Each structure stands twice: as C-alpha cells, then as structure tokens.
Amino acid sequence: MEKSIKETARPWNRSLVFDVGKRRSELCKAMDYQSAWYKRWCDELSEVPNFHRKQWEFVYVMQALWERGCIIPGNKGLVFAVGTEPLPALFAQYGCTILATDIFPEEGIAKGWNNGNQLCFGEESLNTRGLCDPEAFNRLVSYRAVDMNDIPADLAGFDFNWSSCSFEHLGTLEKGFDFLRNQLKTLRPGGWSVHTTEFNVSSNDETQENNDTVIYRHRDIEKIAAELRKEGHFVEETDYSLAGLPEDYMVDTEPHLQDIHLKLQVGKYVVTSIGLIIRKKS
C-alpha cells in the first residue's frame, strides 16, 4: 500500500531539492519538468508533471522560496491575487502563517474572473485538495480582499510573499512596476518575494502596454530590475534562455488546447511565463 503525501513529504532529503542549484529569475523551460525538485513538488500537490506553464509557476514559486529558507514553521507569508491556488494550504502544512489576498469580489466578477478558479471568495476556496490538516489550515490561513494597485500600509513584516501571473493584469506596464516596488513594503528587511508574469518571447520592441493583460519584454524586466537594485534591493540575475527541448518550441495557438502549454499565442505575440526573485534590502 502506498503511503500518503503527508506521511512521506516531510522532512525532505535536500539532495532531491538542490539537484541543479538555486532557481534564478528565469523563463519557463521544459527541462524543469524532468528534474527531481519539480517532481517532488508535484507529488506534494497531488499532481503529475505536465507541460503547462501554470503548474510551472506554482512549482517555481515553491522551489524558489524553499531554497531561500522561507518555508519553515513560524514564518509569515503573503500571497497576492490568490484565486484558488493550492500554495497557501501547502505552506500552512509546513507551519507557515499565510495571509491570502485577492481583488475585491465585485471587481473580480466585473472583470469576468469568477470563472476558471481565478477569484477567491474566502478561506474555504483554498484547501479544497486537502493539502493541509483542517485544524492547522483554519489556524494558519486567513483571507483579506486587497487591491494590488493600493496595498494597505498595515500589511507589513512578512517573511516572504508571492504572486502567480497577476501583476500583468493591473492595467499598464507601469502599474506592474509600481506593484513590484510597493510589494516590498510588506516584507521585513531581508524578506524574499517571488512573482511570475507574462514575458514577450517574440519581440523586444512592440508589446501590449495598456490592456487587461500587458506583456513584459526583456527590456522591461531589465528596467525594473535595475531600478530595484539602485534602491538597494537584491534581484536574482535573469536567465532569458529558451532552452532546447522540443516542448520549448511548441506554441499553443488559439483556441489554446493546453496540451503543451509552455508558450502560447496572445494576439500577435508569443508569450511564456517568467519568474522574478527579489530580496528586500536589510
């Protein structure tokens, strides 16, 4: 009889986690899906690795935070635009206290985000997979409606925060930049943040700049990274390589069948996910 995830997952054998070194700021790549660290997190999520960039975003965030010592009992985490993602429950199972936030429900419904598990209506949406013991979940996870364009000043002192492909929906490229600056105010000095967003694979010139979904170019990522570094924060060096496995060159065109979904067509652009890792200055 196979043991449950809860029986086998903790503590980890770190040789499984660090088989290729720490995550950098980087693009979604097919090679990650074959790694031991990727498979391990999928086991934790009760999933099998599949070539979908949303799964990659979740696993990337978990791995990046784990490597930096964030996912330990007693640490406080904050997630923006949580939807119904499984990470709050999984981090709570590790003993972290998590504040999950999402757009105000009426605004999310007006944007059509109440379809496809994109909108959170409360804590009850966040442990549907049973990844966390119910008692621990109720004790460690809370929910609050938060506008990412207007982060309340009382959200402060967190050890880490994250978001998964969210700040590109704030309306403009610059609003996304503002979010990356302002989210650092929620962290304690030396705290870590990991955020994924849309990356324009096909152009470093034209892009979607004012849209419900904006698309960041190489030059945009370099711009905000340079600004954050100038302010004294640490930004992991970005790996812009596209890798070389067959799945890295497949583009999911409309109507987006999502069989191989590492890169997809959005209008006239090919996009993928990029992850950014930032540490607030001490």
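At what angle do the axes of helix H3 (residues 36-44) and helix H4 (residues 53-67) cross? I looked this up first, keeping in mind that the model is predicted. I find that the two axes come within 10 Å and cross at roughly 105°, and since angles of 65 to 115 degrees count as roughly perpendicular, H3 and H4 are therefore roughly perpendicular to each other.

I then listed the residues in contact: from H3 these are Trp 37, Tyr 38, Trp 41 and Cys 42, which meet Gln 55, Trp 56, Val 59, Met 62, Gln 63 and Trp 66 of H4. By class, I note eight nonpolar and two polar residues in this contact, and no charged ones.

Next I turned to the aromatic pairs, of which the structure holds 16. One of them joins Tyr 33 to Tyr 38 in a tilted arrangement, with 4.5 Å centre to centre and 40° between the planes; Tyr 33 counts as buried at 4% relative accessibility, and Tyr 38 counts as buried at 0%. I also looked at Trp 41 and Tyr 94, a tilted pair with 6.4 Å between centres and 55° between planes. This pair links distant parts of the chain, 53 residues apart, with Trp 41 in helix H3 and Tyr 94 in the loop between helix H5 (87-93) and strand S3 (97-102). Both Trp 41 and Tyr 94 are buried. Elsewhere I noted a cluster in which ring pairs link Phe 80, Phe 167, Phe 177, Phe 179 and Tyr 216.

Last, I checked the cysteines and found zero disulfides. The sulfur nearest to Cys 28 among the cysteines is that of Cys 165, 9.7 Å away. Cys 28 is buried, with a relative accessible area of 1%, and Cys 132 also counts as buried, at 2% relative accessibility.

Notes: Residues numbered from 1 in each chain as written. Predicted model: local features only at pLDDT ≥ 70, side-chain atom pairs only at ≥ 80, totals over all residues. Heavy atoms only, no water. Disulfide = S-S within 2.5 Å. Buried < 20%, exposed > 50% of the residue type's maximum accessible area, 1.4 Å probe, protein only. Axes fitted to C-alpha atoms, helices over the stretch in contact; angles between N-to-C directions. Helix = DSSP H or I, 4+ residues; strand = E, 2+ residues; numbered from the N terminus. Parallel < 35°, antiparallel > 145°, perpendicular 65-115°, else oblique. Contact = heavy atoms within 4.5 Å. Nonpolar A, V, L, I, M, F, W, Y, C, P; charged D, E, K, R; others polar. Phe/Tyr/Trp six-rings, centres within 6.5 Å; stacked < 30°, edge-to-face > 60°.
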